[in-house]
Amino acid sequence: MLGFLKEPVVVTAKINVSLVALTVMGLMSRLWGLCYPRAVVFDEVYYGQFVSLYMKRIFFVDDSGPPFGHMLLALGGYLGGFDGNFLWNRIGAEYSINVPVWSLRLLPALAGALCVPLAYQILAELHFSHCAALGAALLILLENSLITQSRFMLLESILIFFILLAVLSYLKFYNLQKHSSFSGSWWFWLLLTGVACSCAVGVKYMGLFTYMLLLATAGLHFWHMIGDQNFSNVSLLCHFLARALALIIIPMGLYLSFFYVHLALLYRSGPHDQIMTSAFQASLEGGLARITQGQPLEVAYGSQITLRNVLGKPMQCWLHSHTNTYPIRYENGRGSSHQQQVTCYPFKDVNNWWIVKDPGMQQLVVSNPPRPVRHGHIVQLVHGITTRYLNTHDVAAPLSPHSQEVSCYIDYNISMPAQNLWRVEIVNRESDTDVWKTILSEVRFVHVNTSAVLKLSGASLPEWGYRQLEVVGEKLSKGYHQSMLWNVEEHRYGKSQEQKEREVELHSPTQMDISKNLSFMAKFTELQWKILTLKNEDTEHKYSSSALDWITMDTNIAYWLHPTSGAQIHLLGNVATWASANAAALLYLCLSLWYLLRRRRRIYDIPEDAWQLWMAAGGICGGGWAVNYLPFFLMEKTLFLYHYLPAVTFQILLIPVVLQHLSDHLCRSVLLKSMFSALVVAWFSWVYFVYCTFSPLTYGQPALAPAELRALRWKDTWNILIRKQ
C-alpha cells in the first residue's frame, strides 16, 4: 500500500530560457523609472478623473468605451491606497503625496511587458522558427511607441495585451485540435480565448475588431471540419456547441459582469448621472433619489408633477411655462398666437410644475381614493403657477414652422378656442390598462384635436424666450422618438384647491423609493446605449491626426514637458521598425498575389505545407493589421497616433514571417543565405540604434540640449518641443 514511498518523487519541468529572458527584459523596459515623471502625462488627466470617481463610488459615464479598462486602472489606485483626492485639471500638474503613481501605472506597464513573450509565443504557435519568434519579441521589446504608451495610466497596452492573449490562446487551442480534442488543455485555451476577447472589448471597443477576426477564423476552421468525413455528426455538433459556449456565450456573460461590477461600485449620485433617465438617477444614492423618496408611485387626477424629456439632448430639461407670451411677430415677420410661452427648461424651477386635470371635472386636487390615470386616458395639463392649460393649435412654432406651436392658452376673445385635451400613451407599457407611474413610465402626449405629439425640438429660443429650448407639436408623427417621450420626475398628490395655498404647496420640496424597481438589465441597457450614442463635440486637437499619417508616422504626440529643463516625452514609433513593417506588409501582399497567380497555372513554387503556413500567418498578422486599421477611415471622430498601436503590433509580427520566408524559399544557395543573414543582422542593428537614439523621448530622461532635440526632428511634421534660450 505504501510502496510508492520507496521511490523518490521527481518533478521535471521544461523551462524556455529565451522566453524567461524576454519576459525579464520586457519588465525592465516598462517598469524602469515608472514613477518618472511624477506629474500628469497627457491622457492621465482624463483617466485619472475616472479613477478618482471609482475611489469615491460616484457614478460616471465615459463615452469612449466600456468600463473594464477603467476598473483595472482603479484597481491599481485601490491597491496603492489612493483616496481619490486629486484635481486632474491639467497636463503637467505635479502629483501630490497621496497619489500612488507607481501603483496607478503598474498594470498598464505589466500588460505592456507581457506583450513581449506573447509575441514570441504567437510566432512559435504559428510554427515559425525560434529565430523568427525571437525576432518578433525583440521588435516589440524595442518599439518606442509601445514602451511610451505602457508606462503611463493609459489603456492601449492593456488592450494590446488582451488582443495578443486572445490570438495566442486560439492558436494553442487550434494546434491541440488535431490530437487532443476536449482535453483539459483544449478546453482551457478555448475558454481563455473567449475570456481574453471579452476583456479586450471591455477595455475598448477597438477590441471588437480582433474578436471578429478570431470568430471568422474559428468559423472558417469549423467549415473545414464539416468537410472532414472523420468527424461524425454528433462530434461536429459537440464541437460547434463548445465553440459557441466559449466564444459567444461566455464572452457575452463576462461583458455583462463588467457592467454589473461597475454599477455596483458606483452607487452614488454625481454630475454625470444628469444625462441618465429619471429612473436611473433615482436608483443612485443621493441626488434625485433624495428628492423623490416617498413620492406616490401612481399618477392620479389632481397630481402635481414635473415632466422631464427622456432624450436629454442637447441637455436634460423639464416642461416649463412662465407668464411671458410669444411675440406678436417674429424677426422674419411671421406672426404668432401671442399665447403664453411653453418651453423646456434645463434647471429645476417652480414653473416646471403641472397639474393633471380630469377634463370632466373642475377640481385640481386628488380625490379620496385617488383615481389613477391609465394608458389612453384624456387629460388636461394645467400650469401650476399661472393655472393656464397646455395647448397646441394650427399655428407654426417659432423656430420649427413645419410643426405646431405649443402654448398655455390665454382667452383673448378673438375666436381662437382652447385646444387643450391630451391623450396619455404609455410607450413602455405591458398592457393597455397600465397605470401612469412616476419615473418608470415613458409617455407620449397626443393632442386630441390635431393628433400632434408634444415634442422637444432641441432648438434654442431667442432672447425673448430666455434661450430656453423649444417645445412643439409634431404633426403626422410615426414611432416613438425619445424627443417625444416624457416621464414624471417629481410628483405629489395635490391637496389645495385654492391657488394661493397651491402655490405654497408647489414651492415646498417633495420627499417612492424606486431603486428596487429598476433591474440590472434595465440599467445596463440604458448605460450601454448612452455609451454608444453619447458623443462629445469633436474639436480639433493640436496632436490629432488622420489615419493616413500613421503609416508613415508623419505625426507624433507630445505627452509631457519638464517645466524647466528640456526633458520631454513623446509618442513616437521606432522609425526603422515602422518602415520595415510597411515593407513587409507590401512584400507579403505582392508575394501572395504572385503565388496565387502561379498556383492558378498549376505552378507550385513552394511546398503545400509552406503555403498553408504562409497563408495562416498572413490571416493572423496581416488580417490583424487590417481589421485594427482600416475601420478608422470610416470613423467620424478625433483620431490620434495611439489608435494605430494595435494595428502596428500585428504588422510588426509580420516582419519575421516575411524574413523567414525569404530565407527559406528565395535564398536557395548557401552564399545567398549567408548574405541575407548578414543583412538581417545589419537591419536589426539599425532598429536597435533608432531605439537608443529616441529613448530620451521615450523615457523622458536624460534631458537633451536644444541642438540634440533639433537633431531628433527627423521629419518636419514632428513637433519636438524646444525651449527658447
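This is a predicted model: local features need pLDDT of at least 70, side-chain atom pairs count only at pLDDT 80 or more; totals for chains, interfaces and linings use all residues.

Trainee: What makes residues 370-427 part of a "domain: MIR" annotation?

Mentor: That comes from the UniProt record, an unreviewed entry, which gives the label to residues 296-359, 370-427 and 431-491. Such annotations may be inferred rather than shown by experiment. For residues 296-359 the model has 0% helix and 41% strand, with the end C-alpha atoms 22 Å apart.

Trainee: What makes the peptide bond from N368 to P369 cis?

Mentor: Its omega is near 0 degrees. P369 sits in the loop between β4 (353-357) and β5 (378-383). The bond from Q701 to P702 is also cis, again with omega near 0 degrees. P702 is in the loop between α19 (670-699) and α20 (706-711).

Trainee: What makes the phi of I439 stand out?

Mentor: It is positive, about 65 degrees, and I439 is not a glycine. Most residues other than glycine have a negative phi. You'll find I439 in the loop between β8 (422-426) and β9 (443-447). Y466 has a positive phi too, near 60 degrees, and is likewise a residue other than glycine. Y466 belongs to the loop between β10 (453-460) and β11 (469-474).

Trainee: Is I439 buried or exposed, and how do you know?

Mentor: The cut-off for buried is under 20% relative accessible area. I439 has 3%, so I439 counts as buried.

Trainee: And why is Y466 called partly exposed?

Mentor: Partly exposed runs between the buried limit of 20% and the exposed limit of 50%. Y466 has a relative accessible area of 46%, so Y466 is partly exposed.

Trainee: What does Q651 touch?

Mentor: Leaving out residues up to four places away in sequence, Q651 touches A581, N582, A585, C621, W625 and Y644. Contact here means heavy atoms within 4.5 Å. Q651 and T577 are 74 residues apart in sequence, yet 9.7 Å apart in space, C-alpha to C-alpha.

Trainee: What makes a set of residues a nonpolar core?

Mentor: The members must be buried and joined through side-chain atoms within 4.5 Å. The largest such core here has 162 residues, and F59, W88, I122, F162, I557 and Y559 touch the most other members. Helix α7 gives the largest share, 15 residues. Apart from that core lies another, of 32 residues, among them W422, W436, L454 and W464.

Trainee: Why would such side chains gather like that?

Mentor: In soluble globular proteins, nonpolar side chains tend to be buried together.

Trainee: Which residues is Y559 in contact with?

Mentor: Beyond its neighbours within four places in sequence, Y559 is in contact with residues including V41, F42, I91, F152, I569 and Y642.

Trainee: Why is one space called a cavity and another a pocket?

Mentor: A 1.4 Å probe fits in a cavity but cannot get out, whereas a pocket is open. The largest cavity has a volume of about 80 Å³. Its lining includes R30, C115, Q149 and T649, and α6 (144-150) gives the most, with 3 residues. The second largest cavity, about 60 Å³, has F60, H70, F259 and L527 among its lining residues. Both α10 (233-265) and α14 (520-533) supply at least two residues to that lining.

Trainee: And what is the volume of the second largest pocket?

Mentor: About 580 Å³. The pocket is lined by 19 residues, with Y174, H221, Q612, M615 and A616 nearest its centre. Helix α17 (608-629) gives the most, with 7 residues.

Trainee: How does that pocket lining divide by class?

Mentor: There are 9 nonpolar, 7 polar and 3 charged residues. For the largest cavity, the lining divides into 4 nonpolar, 5 polar and 1 charged.

How values were computed: Residues are numbered from 1 along each chain as its sequence is written. Side-chain values use heavy atoms; hydrogens and water are left out. Helices (H or I, at least four residues) and strands (E, at least two) are DSSP runs, numbered from the N terminus. On a 1 Å grid over the protein atoms alone, a cavity is a set of points where a 1.4 Å probe fits but cannot get out, and a pocket is an open set with protein on both sides within 12 Å along at least five of seven lines; lining residues have an atom within 4 Å of a point. Grid points are joined across faces, edges and corners, and a volume is the space filled by probe spheres set on the points. Ala, Val, Leu, Ile, Met, Phe, Trp, Tyr, Cys and Pro count as nonpolar, Asp, Glu, Lys and Arg as charged, and the others, Gly among them, as polar. Buried means under 20% relative accessible area, exposed over 50%, partly exposed in between (1.4 Å probe, protein chains only).
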